Amino acid sequence: MSATALRSHRAGELTRAHVGRQVRLGGWVHRRRDLGGLVFIDLRDRAGLVQLSFNPDWTPPAVMARAAGVGAETVVLASGVVALRPEASRDTSLGSREVEVHVTDLEVVGPAQTPPIPVARKEKEELPAEELRLKHRVLDLRRPELQRNLLLRHRLLQRTRQTLTDLEFLEIETPILTKPTPEGARDYLVPSRVHPGEFYALPQSPQIYKQLLMVAGYDRYFQIARCFRDEDLRADRQPEFTQIDLEASFVGPEDIQEIVERVLVDLWGEAGVEVARPFPRLTHREAMERYGIDKPDLRYGLEIRDLTPLLGGDAAPFLGEARAAGGRLRGIVVPGGATLTRKELDTLTSAARDARAGGLIWARRTAAGWEGQGVKAVGQRLLDALAGAEGDLLLAVAGPDTVTSPALHAVRTALTRRPGTAPATPHAFAWIVDFPLFEHDAESGLHVPAHHPFTAPHPADRDLLVGEPWRVRALHYDAVYNGNELGSGSIRITDPAVQHRIFELLGIPEAEIRRRFGFLLDGLAAGAPPHGGFALGFDRITMLLAGASSLRDVIAFPKTTAARALFEGAPTPVSADDLRGLHLQPLDD
RNA sequence: GGGGCUGUAGCUCAGCUUGGUUAGAGUGCCGCACUGUCACUGCGGAGGUCGCGGGUUCGAGCCCCGUCAGCCCCGCCA
């Protein structure tokens, strides 16, 4: 398959089986070693490296001279015979392979300037600054590590298509030029030339389109969808990103969860990791209670306990006050944690403080009993009531759940990151279900949708919608892996009246409901099947499976944290003429 | 919008704490030598607006202010 008009094989695919064969290779000069009378070149292509051997015994003088002159990253065509390496230099510990090519002809077809950043790195040589890697992206993309990542990405894409196709999903494309329908994040806007003053928006997700495809009767849809959000970036957030987007009709939450599990199991399988189905399920309330976060890392135990019922009269007064104000005392018992040093405890304390806790209470159980600053704080009675063993460490935080949950999650995370802490299992998937439908927005005092406004309320809670909307659970579910949110989904509202009611609850005026969501409401009124779906963050999944620490390492041409493209140089100013053509004019500052 | 870290040779870094002669190392690059290397080796050489602007000082890579860029985090991201 790799044979073309210009080459017979890829460099990296030659093995012992090719010995004696006449081959023609095309590739990049990875490294050159010139011994005077002999020259060796490591030739690199997508498949890997092979050594080209130039020796007067088989290489004409003119070719010898040419080989001695080629610089790094030059593209050459080399002809010769595959040979076993001399016994002494075969298969050394440095990973040299068994075969090399005895070159009889060498042609430079792509001369290269000396690369500003190295492609071939020495062992343990630091990577160039990320700014330079992004600026000289073609060179960086030549690195075997990035080639591996993008190869894996390709395989994951194909596997996704295969799995969903096998499950009778149809791949249907939705528009990139869409209608601005704010879903929370800021839209990228595209001015219309033919309609002065009007704009398209790039999709934050194909959400409404895929719902309309269900109304249109396509039953099962998926798309590897490019999405756009004009928000500030992080290591795991890019302004344009890819999600595996799917939707199905006549389904309940379990149907979608089973489908998504199949996709995830296959993707992890593609990366060589076996995963068991079904994934454990945890309600949102349980997750918050036991782990303090809605995306718990279940590779570790260290669950949070409510210590409030154990509090005795000998506890410090501030705990009574916290309790009177509606707060609780919650904590984690760390088996064997009594050996933590004072410095480590300080680190945990600052983790809790950074999460806005007043402090961290701690006590360790030694042969002599409990000791530490926490003894006085929580009181001897609580410690007696706490079923503990020698070597235990108690870490606790007091206050309202909005303080103790994030603080204890931070403490738990810090505990798991200590060197030498082994996870109970390397791959922990889970479903978090029964999310609340609304979230309280502290700033406005209003209720805002916890996810998006198309999520169906839990049938059992429907009566609460009018009086106590904040108590309503949603048919919403998240897929979580090792403390990472892989994606989320829900059963959607299909009754246009209910959907309308939700918009009203969110305080959207009638005229705006019509203007922004009229096409959705009309669609639902055309006869909507019950439906629901899911979206998986594909870049993040690839990053996790590639073992990369940044999304930028699994995207061919990523943006910087300031949303710039350093390689091609975007965004860029445009001429006044171009702006006029789009009926735009710059503001004078 | 806010906070932190970084910016010195093509690349990776040292020098900054305590301002003072000509800013160093490794690697890459150039030249010479070298017939089994694989991070080839040996010898020689070139290579610097210390991110940019301003200030303090007799004197600034080093101190101060501002600014730009990259990265990390908070806000934000249904």
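Let's start with D245, which sits in strand 10, residues 240–249. Strands here are DSSP runs of type E with at least two residues, helices are H or I runs with at least four residues, and both are numbered from the N terminus. Is D245 buried or exposed? D245 is buried, because its relative accessible area is 1%. The cut-offs are these: buried means under 20% relative accessible area, exposed means over 50%, and partly exposed is in between, using a 1.4 Å probe and protein chains only.

Before we go on, a word on what you are looking at. This is a predicted model, where local features need pLDDT of at least 70 and side-chain atom pairs count only at pLDDT 80 or more, while totals for chains, interfaces and linings use all residues. Residues are numbered from 1 along each chain as its sequence is written, chains are lettered from A and ligands numbered from 1 in the order in which they are written, and side-chain values use heavy atoms, with hydrogens and water left out.

H9 is found in the segment before strand 1, and it counts as buried because its relative accessibility is 10%. The side chains of H9 and S8 are joined by a polar contact of 2.8 Å.

Now, salt bridges. The rule is a side-chain nitrogen of Lys or Arg within 4 Å of a carboxyl oxygen of Asp or Glu, and by this rule the count comes to 43. One of them pairs D140 with R133, with the closest N and O atoms 2.8 Å apart. D140 is buried at a relative accessible area of 1%, and R133 counts as buried too, at 5%. Both belong to a network of salt bridges that links R121, R133, R137, D140, R143, E145 and D553.

Another salt bridge brings together the side chains of R540 and D236, at 3.6 Å from N to O. R540 lies in helix 16 and D236 in the loop between strand 9 (220–228) and strand 10, so this pair ties together parts that are 304 residues apart in sequence. R540 is partly exposed at 23%, and D236 is partly exposed at 31%.

E258 and R277 also meet in a salt bridge, at 4.0 Å from N to O. Since E258 lies in helix 6 and R277 in the loop between helix 6 and strand 11, the pair ties together parts 19 residues apart in sequence.

R277 leads us to the backbone. Most residues other than glycine have a negative phi, and most peptide bonds are trans. Here, a cis peptide bond joins R277 and P278, with omega about -10°. The bond from A570 to P571 is cis as well, with omega near 0°, and P571 is found in the loop between helix 16 and helix 17. What about phi? R356 has a positive value near 75°, and it lies in the loop between helix 9 (342–354) and strand 14 (361–366). R356 is exposed, with a relative accessible area of 73%.

Finally, let's look at the RNA. How many residues surround RNA strand B? There are 51, and the closest are D34, A129, H451, H452 and T561. A residue is near the strand if one of its heavy atoms lies within 4 Å of it.

The side chain of R33 has an N or O atom 2.7 Å from a base oxygen. A polar backbone atom of A129 is 2.4 Å from a phosphate oxygen. A backbone N or O atom of A450 lies 3.0 Å from a sugar or linking oxygen. The elements that give two or more residues to this surface are strand 1 (22–34), strand 3 (48–54) and helix 2 (130–135).

Definitions and conventions
A polar contact is a pair of N or O atoms within 3.5 Å; within protein, one must be able to donate a hydrogen and the other to accept it, and residues adjacent in sequence count only if both atoms are side-chain atoms.
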